[in-house]
Amino acid sequence: MRTRWYKLLITWCVLVFFIFLTTRVLLDKGLNQPISIREERLERSENAHLQQEVPTGAPLYAAGSYMSGRQPENTSFCNWHYNLPQEFFFLQSKISGTPEAGIKGPYRILPQIIQESTTAKEIPKITLCTHSTADQVYSIVELAKRWEGPLSFSIFAPGLDAGLAIALLNRACYCEPTMSKVSVHLIFPAGRPPALGDFSRFKGDCAASDLQWREAATERKQRGMTYPINVARNIARVQAQTDRVLVSDIELLPSAKMASGFQQMLQERSTRNNVVFVLPVFEIEANEEPPSNKNQLLTAHRVGSAVYFHRYVCSHCQRFPGLTRWLLRPNSGKVKPFIITRREIPNHRWEPVFIGTKNDPLYTEDMTWEGRQDKMAQMFEMCLMNYRLIILDGAFLVHRPGIKRKTISNNNEMPLIRAQERRNSRIYQNVIRRLVKQYHSDRKCRQ
């Protein structure tokens with residue numbers, strides 16, 4: 001009996017020694033790497049609040065790159081005001097407050113530094129209202145080239161940021177003929193009026209690579225200013241000269257002939273109050289051309305180079321009702337209604353982009369871009385007002401450049417982002433309480 005137990009003990013010791021040697025060999029060969037990857041993924045999931053959306057893919061895209069090598073024309077296509085672009089002179093009486101806060105708010109507006117000057121009589125009467133910071137201004141050439149109707153463009157340009165914005169606009173005005181459809185408005189803090197600076201000395205080609213990518217040099221960045229995105233949206237909309245408006249971001253490109261197709265659809269149907277027309281939003285890899293029609297979009301979606309907007313960073317934000325059916329529905333070549341829905345449970349966190357009117361609720365101006373969920377208060381009010389949302393087929397928007405995915409944020413920016421997220425949340429809750437008193441509560445319009 002002792003002999004048998006002794007043999008078992010020897011065998012067990014040999015087995016343990018063999019396992020120990022095998023483990024050491026595997027460790028020495030680096031085969032423990034999958035463990036560290038799993039640990040990294042766990043750490044990222046536990047710190048999801050530190051994640052921020054960034055575009056991925058090859059950095060092959062720059063606004064206006066289609067004009068690379070082309071030299072500016074001899075004549076500007078823009079109708080400048082206030083002695084611009086060579087000088088900048090304006091009377092204090094030309095400055096106004098914002099649509100929601102008025103002159104009591106922290107921001108001021110200088111409207112129509114460029115005024116729409118197109119002579120075309122047959123352009124659709126729908127204004128694309130967009131906005132940007134000074135360093136992103138040149139994206140307007142991509143929109144102007146693709147949108148058939150007028151454009152109303154508001155720019156956050158404190159102090160010398162206005163000089164960068166005007167230099168980029170001036171380059172666009174001498175390079176892209178469709179800039180004649182664009183009107184431009186400046187937004188700035190009350191204590192930082194716009195100034196030109198010396199950006200006019202730059203003399204590059206129509207791609208404007210000498211003026212782009214200057215975010216780090218802007219006053220907004222150096223002074224840690226937040227971007228009042230909803231002030232910009234409201235100003236662009238209020239300054240539009242048409243009743244029908246599409247309020248959209250500067251990097252969202254419309255599908256081809258969207259404005260004329262939408263206008264034709266309206267002529268064939270009666271419209272009611274408290275109705276908006278939702279545009280599905282997608283995003284495309286940075287090294288791919290943005291699709292201009294639904295057939296091209298469906299092809300890109302099938303091969304995985306296009307997905308619905310914010311799929312990987314906020315899956316509920318732009319996943320519109322009927323997405324799967326919309327993708328399965330063949331292209332008819334026309335803009336037409338797809339389904340009618342409302343901003344109700346389970347779509348209460350949805351932030352659609354839509355064609356509406358200048359009478360729709362304003363965006364809450366206190367909310368900043370850095371604090372996120374800046375359109376939620378407007379959508380809650382529209383729900384309480386019993387708005388109907390008609391999702392369109394045959395028309396869509398495409399975000400460029402690149403599909404956004406989560407990554408660890410710059411640690412220097414995190415205190416600002418966290419503070420603004422808390423601030424936006426407090427403002428949202430205050431607005432909700434006010435709206436519930438104004439319209440009375442509706443259980444379907446969950447916060």
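The structure is a predicted model, in which local features need pLDDT of at least 70 and side-chain atom pairs count only at pLDDT 80 or more, while totals for chains, interfaces and linings use all residues. Residues are numbered from 1 along each chain as its sequence is written, and side-chain values use heavy atoms, with hydrogens and water left out.

**Confidence and overall make-up**

- The mean pLDDT (the predictor's confidence in each residue, from 0 to 100) of the protein chain is 85, and 85% of its residues reach 70 or more.
- Over residues 20-59 pLDDT stays under 50, and the model has 45 contacts (heavy atoms within 4.5 Å) beyond four places in sequence for this stretch.
- The protein chain has 11 helices and 16 strands; these are DSSP runs numbered from the N terminus, with helices being H or I of at least four residues and strands E of at least two.
- Of the 447 residues in the protein chain, 50% are buried; buried means under 20% relative accessible area, exposed over 50%, and partly exposed in between, with a 1.4 Å probe and protein chains only.
- Among contacts in the protein chain with a separation of 6 or more, 84% join residues 24 or more positions apart.

**The sheet**

- An open sheet of 10 strands has the order β2-β3-β6-β5-β4-β7-β13-β9-β14-β12, with mixed pairing; two strands pair if DSSP finds at least two bridges between them.
- Its edge strands, β2 (79-80) and β12 (336-341), each pair on one side only.
- Strands β7 (residues 244-247) and β13 (residues 353-357) are antiparallel and share 3 bridges, and R244 stands opposite T357 in β13.
- Helix α6 (residues 229-238) packs on the sheet, where it touches β3, β4, β5, β6, β7 and β13, and its direction makes about 150 degrees with that of β4.
- Helix α10 (residues 376-384) also packs on the sheet, touching β9, β13 and β14, at about 55 degrees to the direction of β13.
- For these angles, axes are lines fitted to C-alpha atoms, for helices over the stretch in contact, and the angles run from 0 to 180 degrees between N-to-C directions.

**Strand β4**

- Strand β4 is largely enclosed by the rest of the structure, because 8 of its 8 residues are buried.
- I126, L128, T130 and S132 are on one side and T127, C129, H131 and T133 on the other, and both faces are covered.
- In a regular strand the side chains alternate between the two faces of the sheet.
- Strands β4 and β7 run parallel and are joined by 4 bridges; the bridge partner of I126 in β7 is R244.
- Strands β4 and β5 also run parallel, joined by 6 bridges, with T130 opposite F153 in β5.

**Nonpolar cores**

- The largest nonpolar core has 68 residues, and I113 and L169 have the most contacts inside it; such a core is a set of buried Ala, Val, Leu, Ile, Met, Phe, Trp, Tyr and Cys residues joined through side-chain atoms within 4.5 Å.
- Helix α4 (residues 161-175) gives the largest share of this core, 10 residues.
- Beyond its neighbours within four places in sequence, L169 is in contact with residues including W80, I113, F153 and V184.
- A second, separate core of 30 residues includes V245, V276, A300 and W326.

- In helix α7 (residues 258-267), the residues M258, A259, G261, F262, M265 and L266 are buried.
- Seen down the axis of α7, the buried residues fall within an arc of 165 degrees, so they line one face of the helix; the arc is that of the directions from the helix axis to the C-beta atoms.
- G304 lies in the loop between α8 (294-302) and β11 (306-308) and is partly exposed, with a relative accessible area of 41%.
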